[in-house]
Amino acid sequence: MLRERCPELTNQICAALSELDRGPLPAAPGCLQQASRAKEHLSAHGFAAPNWHDLAQGARPPPTLEREHGEWAHGWQFWAARVLENTARQQLLNASTPPDRALLRSQSGPCAGRAFTALPTTGDFHIPPAEFRVLLLRRLRFDLPFAASACRCRGRLDARGDHRAACPRAGVLKKRSIPLEKAAARICREAGGRVAENQLLRDLNVDGVDPRDGRKIEVIANGLPLWGGAQLAIDATLVSPVRTHGTAQPRAADEDGVQLAVARGRKEATYPELIGSRRCRLVVLGLEVGGRWSEEALTFVRLLARTRARSAPQRLRASARAAYLHRWTGLAAVAAQTAFAATLLELPSHTLAVDGDGPHLADLLADARCTETLAPSRLPPGF
């Protein structure tokens, strides 16, 4: 803007700033000295600052593939501030105990806070006050409300909920996964798939399965145009990066998403018949108790949103894709976090309706084919 309005003054400013980069220049105005110090401070924290003359010519930051859905392209100020934020985060990680580091990583990543940003416009996006308070207390690592002193496994329950979050013998792991499974089925239906739930593997025409086998596949989806139209066997899981006695899982304090990878390996060991099958593809919809999504789960929902949006008019496809992705990530995140908080409080889990209200957005897009406009006031609840 300065270069377009005052090109000569801009050249003088850039020349002075370049001189300041090489050493002190007492005669320079105070504002330029502050700008030079700010550049030095950011560079010390790892920011690749642009050249002043390039900046005056309109140089823009390099594009990134890390943006979440709905996030716009940012300028230099955002990336400069992000460097300082990452430094502060690393300082916090270095000063934290391993369990706290593991949980902080569990609360990071794309869509990790989606349960807190979903607008509670319908029951499926509403977190009751008691559960919402527990989720906030967990994120802040504060003590939870008073509860029983002992778990069903006879282990002692801690004040922060770490034991109950990870205990495999308390009977809550399966209970908290049911709403997430319902959310996965709901998402596949809204995406246009034909869905069957809780199918015993022995009842399917899979070779080599014992008639007494009790394994189930939570969600089977057909008719979705993903991976060549393969049948999808979807298994939902919610994992904790902290053990029952309050210590971090192996590598969870130093690496993001370690337990999600472990969970994927467990599912492959549970359903070896589906690994490498040409008839069916195993999809693990994995989330951590802090909100982190596995890369596989995010990719799955993103692909569903992209393919579902193809039925929209050309001008609406980007908006439709963002709307579907926004809805479905919120649906799954709210279901998972509400169920997790309910098990910490020993409350009944919230369960999604099987079919819900249907894919309203598709109907609206169909109505909009003639005008290719979609008024915000016509958007359905939850979008």
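Arg 251 lies in the loop that runs between strand E3 and helix H11 (258-270). In this predicted model, Arg 251 adopts a positive phi of about 70°, although it is not a glycine. A positive phi also occurs at Trp 227, again not a glycine, with a value of about 50°. Trp 227 is placed in the loop between strand E2 (216-222) and strand E3 (231-239). The relative accessible area of Trp 227 is 32%, so the residue is classed as partly exposed.

A further loop, between helix H8 (129-140) and helix H9 (162-166), contains Cys 151. With a relative accessible area of 6%, Cys 151 is buried, because the cut-off for that class is under 20%. The C-alpha atoms of Cys 151 and Arg 164 are 7.4 Å apart in space, and the two residues are separated by 13 residues in sequence.

Helix H12 comprises 14 residues (residues 295-308). At 1.5 Å a residue, the helix should span 20 Å, and the computed distance between its end C-alpha atoms, 20 Å, agrees with this. The buried residues of H12 are Ala 297, Leu 298, Phe 300, Val 301, Leu 304, Ala 305, Thr 307 and Arg 308. In general, an α-helix has 3.6 residues a turn, so residues three or four places apart point the same way.

On the surface, a patch of positive charge is formed by Arg 306, Arg 310, Arg 317 and Arg 321. Of these, Arg 321 belongs to helix H13 (residues 317-345). Arg 321 has a relative accessibility of 36% and therefore counts as partly exposed.

Definitions and conventions. Residues are numbered from 1 along each chain as its sequence is written. This is a predicted model: local features need pLDDT of at least 70, side-chain atom pairs count only at pLDDT 80 or more; totals for chains, interfaces and linings use all residues. Side-chain values use heavy atoms; hydrogens and water are left out. Patches are made of residues with over 30% relative accessible area and no salt bridge: like charges are joined within 9 Å, nonpolar side chains (Val, Leu, Ile, Met, Phe, Trp, Tyr) within 5 Å. Accessible areas come from the Shrake-Rupley method with a 1.4 Å probe; for residues, only the protein chains shown count as cover. A salt bridge is a side-chain nitrogen of Lys or Arg within 4 Å of a carboxyl oxygen of Asp or Glu. Lys and Arg count as positive and Asp and Glu as negative; His and the chain ends are not counted. The place of a charge is taken as NZ of Lys, CZ of Arg, CG of Asp or CD of Glu. Helices (H or I, at least four residues) and strands (E, at least two) are DSSP runs, numbered from the N terminus. Buried means under 20% relative accessible area, exposed over 50%, partly exposed in between (1.4 Å probe, protein chains only). The expected span of a helix is 1.5 Å times one less than its number of residues.
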